[in-house]
Amino acid sequence: MFRLKYTEIPGNHYKINREFIGNPINEFAEIYERFVGFYAIKTLIADDELHKRPLKLKKDRTCRFCGVLFSKEEKFKSKAHLFPQLIGNKYLLSDFECDKCNSLFSKFENDLANFLGATRAFSISNAKKGGLKFKSPDKTFIVQKDYEAADDIAKLRIESHEEENNHFTLDAENKKVTFHTTRASYNPHNVYGAFLKMGLSVLPDELVDDYKIAFAILQSTKKNEESDNPLFKLNVYLHPGPSFPSPMLILFEKKKETEPVPMHIVCIMFQNYTYQLVLPLCKKDKWMYDGKKIVTVPNMPPFIDKHFAEKFGIPIGHRLNFNFDELKRNEKHEVTFSFENFTDTRLNE
Ligand SMILES: [Zn+2]
């Protein structure tokens, strides 16, 4: 969807530089130029065989999130994932997450799953292989792989019970269908936690100490009192067309330490979404949080190739604020699909 250029670092064959080959969508060209003016790729981790790496022996492990070492009491028994399986991670495991932190993050991931709602069940991989069923909280709207279709055929079965629920709107002229559903209850604060955990997981070891505050935020049960703080807001792009083949996280680092922008921004790509997460309050940025300097968070562009967007449509951006520690109940959720053609089977009877 976008191109990356890999170049060897002279004298070090084990390390490679990665840079984007800019082919941004016209509408985002300015945002793209501004962003790559501030930031360069520090690390890129994709869920594929290439990025699998050997894990440390359990006896040598330390939890990055709470600092606990392997011991009789903490044996690192759980199979911890670098980022959640629910966003499609198959291969990437973590060797720096203890069992206690793992169970805390599982709680966050339940909230993330509820926030993502029906979109996971609608994904093409689910239509092919299945394994996931979405049921609206009132159980009247169900999405799952069609159990009558063969495994390798992508076919979904969508059930809408009780007509008065108006689960979908068909716009035949524009070839669009919108499903109207409801998310199961979730706590936004925990959804933020799930994203922050992913972001802190891609940090190279040598940067972990710079983020003591962010790690403390992740563990804290205290309400966040800065609901307007842009450091804790996320941008998200939704792109039409096929989804990303597998999840990918890119850690961007600012090119010049003296720029009043956050040190690291994480790009989290999965399904048809690209999330922008700021890693909050890096130790090296302390100088710019003196109450006088104006700190900006540059917007990340969607890293979608121009030709891809011309074929399928321009990504749409939203700003999300998960800075609320309260249960969201019965939140409406709409998912729109474009289609090529449709058959009205009622007329065939
Ligand atoms: Zn831990």
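**Note on the predicted model: sheets, helix packing, cores and loops**

1. In β10, isoleucine 45 has leucine 249 as its bridge partner. Strands of a sheet pair through backbone hydrogen bonds, in either a parallel or an antiparallel sense.

2. β3 and β10 are part of an open sheet of six strands, ordered β3-β10-β11-β12-β9-β13, with antiparallel pairing. The edges are taken by β3 (39-46) and β13; each has a single partner strand, so one side of each is left without a neighbour in the sheet. From one strand to the next the twist averages 20 degrees.

3. Which strands does α5 lie across? The helix lies across β9 (233-238), β10, β11 (264-270) and β12 (273-278). Relative to β12, α5 runs at about 80 degrees.

4. Helix α5 (residues 188-201) also packs with helix α6 (residues 212-219). Two packed helices are described by the angle between their axes and by the distance between the axes. For α5 and α6 the angle is about 145 degrees and the axes are 10 Å apart. The crossing of these two helices is left-handed. From α5 the contact takes Gly193, Leu196, Lys197 and Leu200, and from α6 it takes Ala214, Phe215, Ile217 and Leu218. By class, the residues of this contact divide into six nonpolar, one polar and one charged.

5. The largest nonpolar core has 62 residues. Val191, Phe195, Leu249, Val266, Cys267, Ile268 and Leu277 are the residues with the most contacts inside this core. Which helix gives the most to the core? Helix α2 (residues 99-116) does, with eight residues.

6. What does isoleucine 268 touch? Leaving out residues up to four places away in sequence, isoleucine 268 touches Phe195, Met198, Leu249, Tyr275 and Leu277. A second, separate core has five residues, including Ala121, Phe122, Phe134 and Val143.

7. Another open sheet has three strands in the order β4-β5-β6, with antiparallel pairing. β4 (134-135) and β6 stand at its edges with a single partner strand each, so one side of each has no neighbour in the sheet. β4 pairs with strand β5 (residues 141-145) in the antiparallel sense over two bridges, and lysine 135 stands opposite isoleucine 142 in β5. β5 and β6 also run antiparallel, and five bridges join them; here glutamine 144 stands opposite arginine 157 in β6. In a regular strand the side chains alternate between the two faces of the sheet.

8. β4 and β5 form a hairpin with five residues between them. Lysine 139 lies in the loop between these strands. Is lysine 139 buried or exposed? Lysine 139 counts as exposed because it has 10 C-beta neighbours inside 10 Å, and the cut-off for exposed is 12 or fewer. Phi of lysine 139 is near 65 degrees, a positive value in a residue other than glycine. Most residues other than glycine have a negative phi.

9. Asparagine 330 is another residue to check by eye: its phi is positive, about 50 degrees, although asparagine 330 is not a glycine. The residue lies in the loop between β13 (316-321) and β14 (332-338). Asparagine 330 is exposed because 12 other C-beta atoms lie within 10 Å, and 12 or fewer counts as exposed.

10. Where is glutamate 162 placed? Glutamate 162 is in the loop between β6 (156-160) and β7 (168-171). Glutamate 162 is exposed, since 11 other C-beta atoms lie within 10 Å. Between glutamate 162 and serine 106 there are 34 Å in space, C-alpha to C-alpha, and the two are 56 residues apart in sequence.

Technical notes
Residues numbered from 1 in each chain as written. Predicted model: local features only at pLDDT ≥ 70, side-chain atom pairs only at ≥ 80, totals over all residues. Helix = DSSP H or I, 4+ residues; strand = E, 2+ residues; numbered from the N terminus. Buried ≥ 20, exposed ≤ 12 C-beta atoms within 10 Å, placed from the backbone. Pairing = 2+ DSSP bridges. Axes fitted to C-alpha atoms, helices over the stretch in contact; angles between N-to-C directions. Left-handed = near helix turned anticlockwise from the far one by under 90°. Contact = placed C-beta atoms within 7 Å. Nonpolar A, V, L, I, M, F, W, Y, C, P; charged D, E, K, R; others polar. Core = buried A, V, L, I, M, F, W, Y, C linked by C-beta atoms within 7 Å.
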